[in-house]
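Thank you all for making time this morning.

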Amino acid sequence: MSTSADPLATLAALPGVTESVNAVRTAVDRVYGHRVMRRRSNEVTSEAALRGARGSAALAGADWALEEVRRRTDFGAEGDPRTVGAALRLTAEAGQLLSIWRQSPLRVLARLHLVAAGGAEGDERIGRPRQSGEPVDEPLIGSDLPLPDADEVAGRLDGLARLLLAGSEAPALVTAAVVHGELLALRPFVSRNGLVARAAERIVLVGSGLDPKSICPAEVGYAELGAAPYMAALEGYASGTPEGMAVWIAHCGRAVELGARESTAVCEALQRGAA
């Protein structure tokens with residue numbers, strides 16, 4: 001990233017990023033302007049949360065149908081049920097952490113990991129950045145990206161927190177994409193980093209005012225676009241090149257657009273009395 005006073009604003013000026021930002025704003029404005037949002041926004045928010053959690057879990061390897069997620073109540077079993085349960089808990093928790101995020105992003109990340117790893121009481125690795133020698137369980141990424149060592153993780157997390165606390169003139173999409181990409185590239189926790197990264201992105205999008213009612217679930221878009229393009233875009237972010245960063249931001253923007261489209265469809269269904 002740039003060493004300028006506002007590196008996020010520098011990223012916002014990269015070729016193609018303005019177009020992504022504008023497309024996201026148009027998509028978000030469209031769903032917020034739907035007539036259903038005037039009287040049934042809470043229902044749209046609830047449905048977006050469920051669909052977003054399903055999408056995030058799918059990227060983490062638990063690709064359940066939406067109706068399966070809707071009807072299940074037991075998420076304690078190992079494997080896919082625990083992954084889906086973690087995604088659902090994170091979606092519910094994220095909305096409660098906005099005020100803390102503005103004061104201490106690292107504290108929120110620790111809390112998100114605790115929530116994601118529910119049922120792992122007594123494991124000292126939970127809720128703190130990994131230490132030297134601790135392995136990372138992140139199946140989607142695996143060995144596709146080099147894993148930064150613990151010292152680099154600590155330094156870059158501190159840098160990310162300072163960047164967020166300093167504030168920026170950059171659009172919310174750019175900030176959210178950097179938070180998401182940095183957490184995925186670092187994999188700061190021993191597990192569930194993807195789920196945590198996508199929840200943190202959601203906090204930024206909501207807290208920035210771009211999506212205050214949390215009705216544009218980018219997680220839906222990432223799942224729809226697929227794991228392979230997601231990883232290809234992440235590799236662009238990890239490269240640190242302007243071109244790679246622009247590709248990642250554009251991918252994140254497209255995911256938000258698709259999330260907004262999903263909630264527009266929910267609004268249409270509610271209007272018809274079909275949901």
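Leu-160 is buried, with a relative accessible area of 7%, where buried means under 20% relative accessible area, exposed means over 50%, and partly exposed lies in between, with a 1.4 Å probe and protein chains only. Before I go further, please keep in mind that this is a predicted model, in which local features need pLDDT of at least 70 and side-chain atom pairs count only at pLDDT 80 or more, while totals for chains, interfaces and linings use all residues. Residues are numbered from 1 along each chain as its sequence is written, and side-chain values use heavy atoms, with hydrogens and water left out.

Leu-160 sits in helix α8, residues 150-166, and helices here are DSSP runs of H or I with at least four residues, strands being runs of E with at least two, numbered from the N terminus. Not counting residues up to four places away in sequence, Leu-160 touches Val-178, Val-179, Glu-182 and Leu-183, with contact meaning heavy atoms within 4.5 Å. From Leu-160 to Gly-209 the separation is 49 residues in sequence and 20 Å in space, C-alpha to C-alpha.

Let me turn to the loop between α9 (172-186) and α10 (193-207), where Arg-187 lies. Arg-187 is not a glycine, yet its phi is positive, at about 45 degrees, and with a relative accessible area of 2% Arg-187 is buried. Arg-192 is found in the loop between α9 and α10 as well, and its phi is also positive, about 60 degrees, although Arg-192 is not a glycine.

Which residue lies 109 residues along the chain from Arg-192, with 8.4 Å between the C-alpha atoms? That residue is Thr-83, placed in helix α5, residues 80-94, and counted as buried at 8% relative accessibility. Beyond four places in sequence, Thr-83 touches Ala-57, Ala-60, Ala-62, Arg-192 and Leu-195.

**Two helices against α13**

Two packed helices are described by the angle between their axes and the distance between the axes, so I will give both values for each pair. The axes of α2 (residues 17-32) and α13 (residues 242-272) come within 9 Å and cross at roughly 10 degrees; axes are lines fitted to C-alpha atoms, for helices over the stretch in contact, and angles run from 0 to 180 degrees between N-to-C directions. The two helices α2 and α13 are therefore roughly parallel to each other, given that angles under 35 degrees count as roughly parallel, over 145 as roughly antiparallel, 65 to 115 as roughly perpendicular and the rest as oblique. The crossing of α2 and α13 is left-handed, a term for the near helix being turned anticlockwise from the far one by less than a right angle, with clockwise giving right-handed.

On the α2 side, the residues that meet α13 include Val-17, Ala-23 and Val-31, and among their partners in α13 are Ala-246, Gly-253 and Cys-267. The residues of this contact of α2 with α13 divide into 12 nonpolar, 4 polar and 1 charged, where Ala, Val, Leu, Ile, Met, Phe, Trp, Tyr, Cys and Pro count as nonpolar, Asp, Glu, Lys and Arg as charged, and the others, Gly among them, as polar.

How far apart are the axes of α3 and α13, and at what angle do these helices pack? The axes of α3 and α13 are 10 Å apart and the angle is about 130 degrees, which makes α3 oblique to α13. Here α3 passes α13 in a right-handed crossing, and the contact is made by residues including Arg-40, Glu-43, Glu-47 and Arg-51 of α3 and Glu-262, Val-266 and Leu-270 of α13. By class, the contact of α3 with α13 has 6 nonpolar, 1 polar and 5 charged residues.

**The core**

I will finish with the largest nonpolar core, in which, out of 85 residues, Trp-101, Leu-109, Leu-112 and Trp-248 touch the most other members; such a core is a set of buried Ala, Val, Leu, Ile, Met, Phe, Trp, Tyr and Cys residues joined through side-chain atoms within 4.5 Å. Neighbours within four places in sequence aside, Leu-112 is in contact with Leu-90, Leu-97, Val-196, Ala-199, Ala-200 and Ile-203. Val-196 lies in helix α10 and counts as buried at 1% relative accessibility.
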